[in-house]
Structure formats: C-alpha cells, structure tokens
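Subject: Model for your review

Hello,

Here is the structure I promised to pass on. Please open it first, then read the notes below.

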Amino acid sequence: MKQNTYLLNTLLAAIVGLVLLACVLIGTFLPGVILPELNIPAMTLLSLAALLLDYYLAPGAKRLYPWIFLFSAVTFGLLPLAAGMTAAAECWKPALAGGVVFTVVTWLFTSMVSRITSGTQAKAAPVLSALGIYLAVQGLVGIFL
C-alpha cells in the first residue's frame with residue numbers, strides 16, 4: 001500500500017460518503033434531529049480523519065497536490081449534491097471550499113508528519129498534530145468569518 005498515491009482521495013470519498021449517508025438516514029428516520037452543517041471546520045474534521053487513516057495505512061505515500069485538489073473538490077461537490085444537502089446551482093461552493101481546505105490541510109499535516117518522523121517515534125503524535133490543526137482551523141474560522 002505504500003505506493004498507492006490515490007488512497008488518500010479514496011479514503012476521503014469513503015468517509016464523506018459514510019457521514020452523508022448517516023445524515024440522510026438520520027434525516028429520514030428522525031426528522032426532528034438538527035443535523036450539522038457542512039462548513040469549513042466539518043470539512044477539516046473529515047479531511048483529518050482521512051489523513052490519519054492514510055498515515056497509518058500507507059505511511060510515506062506520495063502526494064500529488066493538483067490531483068488532491070481536483071478529487072477533493074469533486075468529492076465535496078458531488079457527494080453533498082447526491083445526498084440532497086446542497087442544490088445543483090450551489091454545489092460549486094462546497095466543491096471549491098472542500099478542495100482548498102483538503103489541499104491545505106493535507107499540506108500542513110504532511111509537513112507536520114515529516115517533522116515528527118525525523119525524531120523519535122511517538123504513536124500519538126500524528127493524532128495530537130491533527131487535533132492541533134483542527135483547533136487552529138476553528139480559531140481562524142472564527143476570526144475570518
């Protein structure tokens with residue numbers, strides 16, 4: 001699995017698809033439940049989950065950032081459209097935001113992991129780094145938006 005460069009995008013599509021499937025099922029069978037919005041912190045959380053799985057399943061996988069942007073934009077654009085969470089005319093907004101968020105988070109996480117692996121090995125270091133990225137994104141979204 002070390003040579004699979006597209007595993008990250010496959011994991012992202014699987015995680016986003018499972019979360020949206022859960023939202024559709026909850027919305028169908030429990031219509032009174034308020035579902036979370038697909039915003040930048042939620043996209044970051046889904047991206048970090050895919051990155052952590054990719055780190056443990058295929059460590060040292062090669063990153064092709066133009067393809068990462070393209071596939072993540074398609075994932076965040078078409079899957080919410082298929083789940084009925086966005087309208088067809090508005091699907092470009094989560095696609096653009098998801099592509100940018102996933103590409104930037106991938107770059108940050110990959111940079112942090114490369115610094116971590118140069119020193120002593122700690123099993124929880126990538127998880128704590130992902131938590132730090134998520135908290136930083138929440139803080140910056142509160143400032144910028």
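Helices (H or I, at least four residues) and strands (E, at least two) are DSSP runs, numbered from the N terminus. On that basis the protein has five helices and zero strands. Its pattern along the sequence reads α-α-α-α-α.

Two points on provenance. This is a predicted model: local features need pLDDT of at least 70, side-chain atom pairs count only at pLDDT 80 or more, and totals for chains, interfaces and linings use all residues. Residues are numbered from 1 along each chain as its sequence is written, and side-chain values use heavy atoms, with hydrogens and water left out.

Overall form

The radius of gyration is taken over C-alpha atoms, and the globule rule is 2.2 Å times the number of residues to the power 0.38. For 145 residues a compact globule would come out near 15 Å; the protein has 16 Å, which agrees. Along the principal axes, the C-alpha atoms fill a box of roughly 50 × 30 × 30 Å.

Contact means heavy atoms within 4.5 Å. Of the contacts with a separation of 6 or more, 82% join residues 24 or more positions apart.

Buried means under 20% relative accessible area, exposed over 50%, and partly exposed in between (1.4 Å probe, protein chains only). Buried residues are 36% of the 145. Accessible areas come from the Shrake-Rupley method with a 1.4 Å probe; for residues, only the protein chains shown count as cover. The protein exposes about 8,500 Å², and carbon and sulfur atoms supply 74% of that.

Inside: Ser 47

Ser 47 sits in helix H2 (residues 40-57). Its relative accessible area is 0%, so Ser 47 is buried. What does Ser 47 contact, leaving aside neighbours within four places in sequence? The partners are Leu 12, Phe 76, Phe 102 and Val 105.

The cysteines

A disulfide is a pair of cysteine sulfur atoms within 2.5 Å. A search of the whole structure finds zero of them. Cys 23 is in no disulfide; its nearest cysteine sulfur, that of Cys 91, is 18 Å away. Cys 91 is likewise in no disulfide.

Cys 23 belongs to helix H1. Cys 23 counts as buried because its relative accessible area is 11%. Beyond neighbours within four places in sequence, Cys 23 is in contact with Leu 35 and Met 85. Cys 23 and Val 33 are 10 residues apart in sequence; C-alpha to C-alpha, they are 9.9 Å apart in space. Cys 91 is also buried, at 19% relative accessible area.

On the surface

Patches are made of residues with over 30% relative accessible area and no salt bridge; like charges are joined within 9 Å, nonpolar side chains (Val, Leu, Ile, Met, Phe, Trp, Tyr) within 5 Å. A salt bridge is a side-chain nitrogen of Lys or Arg within 4 Å of a carboxyl oxygen of Asp or Glu. One nonpolar patch is formed by Leu 18, Leu 21, Leu 25, Ile 26, Phe 29, Leu 30, Val 33 and Leu 35. Together they have about 750 Å² of accessible area. Leu 30 is partly exposed, with 48% relative accessible area.

Leu 108 lies in helix H4 (residues 92-117). Its relative accessibility is 34%, so Leu 108 counts as partly exposed. Leu 108 and Thr 120 are 12 residues apart in sequence and 20 Å apart in space, C-alpha to C-alpha.

Best wishes
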